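Here are my notebook entries from a first look through a structure that was new to me. I wrote them so that you can follow along with the model open beside you.

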Amino acid sequence: MSPIHRINPAELSPPTGFSHAVMATGSQLVFLAGQTALDRNGKVIGDTLPEQFATALTNLLVALRAAGGSPADLVRVTVYATDVADYRVHAHELGLIWRRLAGRDYPAMAVVGVARLWDEQALVELDGMAVLP
């Protein structure tokens with residue numbers, strides 16, 4: 001039996017690209033720092049939100065894997081976007097990127113609009129939490 005259970009009550013709107021609640025039992029918590037579209041040299045790469053989202057998610061998953069986890073272990077992800085309207089416009093494409101990189105086991109998620117991120121060129125940042133068995 002999996003230590004992570006995704007809960008989506010019938011009384012709530014059907015979730016698209018997230019889970020309403022995630023219950024996890026495990027022995028290790030992994031807190032993942034915010035990741036943007038930085039390359040190994042510390043430069044933001046990608047001019048569009050989808051390009052930057054793919055790199056930021058990849059960076060988040062690299063950190064998770066280095067801690068011994070996998071995308072299915074994610075229980076919470078917060079997305080910080082400098083333009084929520086643009087995020088909504090690209091939601092379908094961002095969902096395809098998520099599924100390609102992380103699969104269909106969605107964590108509890110939130111998208112938060114922010115005025116700017118640490119690196120002025122960054123359009124999106126992701127942080128998260130995972131529970132390892």
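**Entry: terms for the pocket search.** I worked on a 1 Å grid over the protein atoms alone, where a pocket is an open set of points that a 1.4 Å probe fits, with protein on both sides within 12 Å along at least five of seven lines. A cavity is a set of points where the 1.4 Å probe fits but cannot get out, and lining residues have an atom within 4 Å of a point. Grid points are joined across faces, edges and corners, and a volume is the space filled by probe spheres set on the points. I like the idea behind it: rolling a probe the size of a water molecule over the atoms shows where empty space is left.

**Entry: ground rules.** This is a predicted model, in which local features need pLDDT of at least 70 and side-chain atom pairs count only at pLDDT 80 or more, while totals for chains, interfaces and linings use all residues. Residues are numbered from 1 along each chain as its sequence is written, and side-chain values use heavy atoms, with hydrogens and water left out.

**Entry: the largest pocket.** I found that the largest pocket holds about 500 Å³ of space. Its lining has 18 residues, and those nearest the centre are Thr16, Gly17, Phe18, Tyr87 and Ala91. Two or more lining residues come from each of α2 (84-89), α3 (91-102) and β5 (108-113). Helices here are DSSP runs of H or I with at least four residues, strands are runs of E with at least two, and both are numbered from the N terminus. Which element gives the largest share of the lining? I read off α3, with seven residues. By type, I noted twelve nonpolar, four polar and two charged residues in the lining.

Entry: Tyr87 sits in helix α2. Is Tyr87 buried or exposed? Its relative accessible area is 13%, so I put Tyr87 down as buried (under 20% is buried, over 50% exposed, partly exposed in between, with a 1.4 Å probe and protein chains only). Leaving out residues up to four places away in sequence, Tyr87 touches Leu49, Phe53, Val79, Ala81, Leu94 and Val111, where contact means heavy atoms within 4.5 Å.

**Entry: the whole chain.** I listed three helices and six strands, in the order β-β-β-α-β-α-α-β-β from the N terminus on. The radius of gyration is 15 Å, close to the 14 Å of the globule rule for 133 residues, so the protein is as compact as a globular protein of that length. That radius is taken over C-alpha atoms, and the rule is 2.2 Å times the number of residues to the power 0.38. The C-alpha trace spans about 40 × 35 × 25 Å along its principal axes. Of the 133 residues, 35% count as buried. Among contacts with a separation of 6 or more, 75% join residues 24 or more positions apart.

Entry: Leu32 lies in strand β3 and counts as buried at 8% relative accessibility. Thr48 is in the loop between β3 (28-35) and α1 (49-66), and is partly exposed at 36%. Ala115, in the loop between β5 and β6 (124-132), is exposed, with a relative accessible area of 80%.

Key
Ala, Val, Leu, Ile, Met, Phe, Trp, Tyr, Cys and Pro count as nonpolar, Asp, Glu, Lys and Arg as charged, and the others, Gly among them, as polar.
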